[in-house]
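Good morning, colleagues. Please look at the sequence and the structure as they come up, and I shall take you through several parts of the chain in turn.

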Amino acid sequence: MNQVKNPLIKMEEGKSCREGVIFQENNAFVDIVVWAKDRKKCKLCLYLNGKRTEKIPMYPRKEQGVPDLFGIRLMGEQGNIYEILKDYEYDFETEEGTIFDPYARQTAGREKFGKKGKLRGRFYVDDFDWSGENRIKISFDDMILYQCHLRGFTKHKSSQVKNPGTFDGFTEKLDYIKDLGVNTILMMPIYDFDEWMEESQKINFWGYTKNACYMAPKSSYAADPENAVNELKSMIKAIHQKGLNIFLDIFLDHLSPAFMIRCLNYYATEFHIDGFLVDTDVVRKEWIENHPVLRRCKFLGTYWEQPATVDGEKMFACYNDRFQTAARRYLKSDEGQVYEFYQAFKEDYEDTGVVHYITQKNGFTLRDLVSYDVKHNEANGEKNNDGTEYNYSWNCGQEGTTRRKAVLRMRMQQEKNALCMMMLGPSTPMILAGDERGRTQKGNNNAYCLDNALTWVHWEEKEQEKEIYSYVKELIRFRKEHKLYQQKKAFCGMDWKGVGVPDISAHGTEPWEANYSYYSRELGVFFYGSYYGGNSLYYAFNFHWDAHTFYLPITDQSKEWKILLDTADSQRIGEVISENEVIIGPRSIVVLEHLEYIPKKK
């Protein structure tokens, strides 16, 4: 019997037990299934122009032994049910209230970021054209990550995009990302999370909330909220056409294993996502390794026990604060940090990737790391009691903004030092979006609840911003071009080729004698070129407040050293050193390359 007011819609019981809205047989019918936990009755409610037009009883799946699983099949009188339903919204009514479809692929009700609304599902049929995508896989060995907030990246008016804070707006900035040199975007949550925190009456800008519609792109992140799915797909297609990859950060902690796997698989297949950042306490490695689709993706997590490779390529990478803490403490010249930094800097494994970052979404930006000794979170409305107390930062002589040239020079030098520490090791580096432009949050190290100019990327072109941008770009170019970073075998600190020199070695101011004593702040790292078919490189780190002479390792008398980089004095770049000693300025890093000796003409 037809219980639907719209004469174009017919209904029957249907037999599907797969939750969600699934169109079948060229959209001739649609199966709608929902789990209404501990409920005895459930009705499908349809809305048109914000008003409910239908309330259709659904059938319990008693014969499958799941009485609180309800389903219904809708058919079109003229064959195509989607053409009838595409303008409708939907949810479900039970004896205990309204419930939302957790498998909805598109949403309504949250079209305005930060505004409360009644969340409902929209009907969606995949008609997106992926042709011409030209997607490539980027290995962890070649990857340069860029952590980004979708809305915050283009929301500021200085971005000058047509639709700020949206998928379309981000697409407009892909040439900028490509030109910078990063090749993999790590996107903070872009599924339809509920940003309104009722208890505190604040916004969750970051998106790590439990109340979320995981299968649907965030409608308020779309220039056209009613077309959010295709707009996100267009952005991802454009990312791949630029030769880039995209990873998603997904907060799955409170969900069932089955839902987690279905969600990850959905983004990998329907949206062509290349990888994910997940919580390894809840997402098991075994699930991924034994899944036909997910085992072809890449995963970032705090740790991975006994990870494996697929077709010789690393699937998993460790993403944690080990390097960040060691690098920050060494950068600010704390005592006893040389050994910890060296161990973190050289971290490299045959079967697992490692991600190195010195800043990420939680904590100080790079500019703030060298401008503030303590957090300044007053804008959060929690009396500065939120956020970590352990920033391992140094303000270079004055807290916050300043016009003192000496302080500004030291801050710029420290920013360059930090970037070198992160970019020059063998691990996968990750840049926090905006750090390459000197982005500041005015000392706020926990800006999760702020959706304003403090958390948005600014696009003005100032001299300091130009200088740090050029520096980041040059470091990326150096990393991509030097053969050291094309070496796929992990560095182990041993002479496994039998050439008399290990692949990587630690030194102090004296060669072959690393100084890990409590008051030491000097470290030399030597990569021997025989292991990767290029010129040897020597990285001299001096985080003492005095200059020091470093005596360089002698491996071949017929070679001389050339300075490729000096964070304290760019005028020294290109300088050739025939002797095996070099002066390293206070709080600076120098990179030297071992070249064939060419006698000077008389």
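Predicted model: local features only at pLDDT ≥ 70, side-chain atom pairs only at ≥ 80, totals over all residues.

Cysteine 396 is buried, with a relative accessible area of 7%; buried means under 20% relative accessible area, exposed over 50%, and partly exposed in between, with a 1.4 Å probe and protein chains only. Residues are numbered from 1 along each chain as its sequence is written, and side-chain values use heavy atoms, with hydrogens and water left out.

How many disulfides does a search of the whole structure find? The search finds 0, a disulfide being a pair of cysteine sulfur atoms within 2.5 Å. Cysteine 396 is in no disulfide, and the nearest cysteine sulfur, in cysteine 420, is 15 Å away. Cysteine 449 is likewise buried, at 8% relative accessible area.

Let me turn to helix 11. Helices (H or I, at least four residues) and strands (E, at least two) are DSSP runs, numbered from the N terminus. Helix 11 covers residues 405-423 and contains asparagine 417. Is asparagine 417 buried or exposed? Asparagine 417 is buried, with a relative accessible area of 0%. Not counting residues up to four places away in sequence, asparagine 417 touches Leu331, Phe543, Thr567, Arg587, Ser588 and Ile589, where contact means heavy atoms within 4.5 Å.

In helix 8, Phe323, Ala327, Tyr330 and Leu331 meet Gln414, Asn417, Ala418, Met421 and Met422 of helix 11. The axes of helix 8 (residues 322-331) and helix 11 come within 11 Å and cross at roughly 145 degrees. Axes are lines fitted to C-alpha atoms, for helices over the stretch in contact, and angles run from 0 to 180 degrees between N-to-C directions.

Helix 12 (residues 463-481) is another partner: its axis and that of helix 11 come within 11 Å and cross at roughly 20 degrees. Helix 11 is therefore roughly parallel to helix 12; angles under 35 degrees count as roughly parallel, over 145 as roughly antiparallel, 65 to 115 as roughly perpendicular and the rest as oblique. Among the residues making this contact are Leu408, Met412 and Cys420 of helix 11, and Ile468, Tyr471 and Leu475 of helix 12.

Next, the barrel. A closed barrel of 8 strands runs 12-13-18-19-20-23-24-25, with parallel pairing; two strands pair if DSSP finds at least two bridges between them. Neighbouring strands of this sheet are turned by 25 degrees against each other on average, direction ignored. Strand 12 (residues 145-148) pairs with strand 13 (residues 184-187) over 4 bridges, in the parallel sense. Within that pairing, tyrosine 146 has isoleucine 185 as its bridge partner in strand 13. Helix 5 (residues 228-241) packs on the sheet, touching strand 13 and strand 18 (245-249).

Finally, strand 1 (residues 9-12). Its covered face holds Ile9 and Met11, and its uncovered face Lys10 and Glu12. Strand 1 pairs with strand 7 (residues 66-76) over 4 bridges in the antiparallel sense, and methionine 11 stands opposite leucine 74 of strand 7.
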